[in-house]
Amino acid sequence: MFTFPVASILIGIIGYFIFKNIYLAPILVALISIIANLTILHSLLWFWLILYTLLSLLAGLCVKLLSALKSPTKQSGHF
């Protein structure tokens with residue numbers, strides 16, 4: 001029951017660290033979900049497909065924001 005949401009969140013986090021882009025991992029989650037939905041699940045779970053894609057996007061966005069807060073920006077000429 002918690003496997004797919006946790007997997008999509010982890011893919012969003014790992015995808016941001018690998019690609020440094022918040023959009024590639026959710027696209028991957030969406031493509032895998034669409035293929036599974038059309039072949040295995042028989043088009044019954046489009047709501048969950050959208051939800052898992054959004055979870056992956058939000059996880060990547062949170063990691064991006066946290067990493068931006070963690071690393072201070074360099075200011076040239078100011079001490």
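## A tour from an aromatic cluster to a pocket

Begin by selecting Phe-4, Phe-47, Trp-48 and Tyr-52, which together form one aromatic cluster. The model is a predicted one, in which local features need pLDDT of at least 70 and side-chain atom pairs count only at pLDDT 80 or more, while totals for chains, interfaces and linings use all residues. Residues are numbered from 1 along each chain as its sequence is written, and side-chain values use heavy atoms, with hydrogens and water left out.

Rings of Phe, Tyr and Trp (its six-membered ring) are taken as a pair if their centres lie within 6.5 Å, and planes under 30 degrees apart count as stacked, over 60 as edge-to-face and the rest as tilted. By this rule there are 4 aromatic pairs. In one of them, the ring centres of Phe-4 and Tyr-52 are 6.4 Å apart with planes at 35 degrees, so the pair is tilted. This pair links distant parts of the chain, since Phe-4 belongs to helix H1 and Tyr-52 to helix H3 (residues 46-70), 48 residues apart. Helices here are DSSP runs (H or I, at least four residues), numbered from the N terminus.

Is Tyr-52 buried or exposed? With a relative accessible area of 15%, Tyr-52 is buried, whereas Phe-4, at 59%, is exposed; buried means under 20% relative accessible area and exposed over 50%, with a 1.4 Å probe and protein chains only.

Next, select the whole of H3 and look for its buried residues, which include Leu-49, Thr-53, Ala-59 and Val-63. The buried residues of H3 pack against H1 and H2, where contact means heavy atoms within 4.5 Å.

Then turn to the largest pocket, with a volume of about 370 Å³. Of the 14 residues that line this pocket, the closest to its centre are Phe-4, Ser-33, Ala-36, Leu-41 and Tyr-52. A pocket is an open set of points on a 1 Å grid where a 1.4 Å probe fits, with protein on both sides within 12 Å along at least five of seven lines, and lining residues have an atom within 4 Å of a point. H1, H2 and H3 each supply at least two residues of the lining, and H2 gives the most, with 5 residues.

Finally, select Lys-20, in the loop between helix H1 (3-19) and helix H2 (24-39). Lys-20 has a positive phi of about 55 degrees although it is not a glycine. Most residues other than glycine have a negative phi. At 56% relative accessibility, Lys-20 counts as exposed.

Technical notes:
Points joined across faces, edges and corners; volume = space filled by probe spheres on them.
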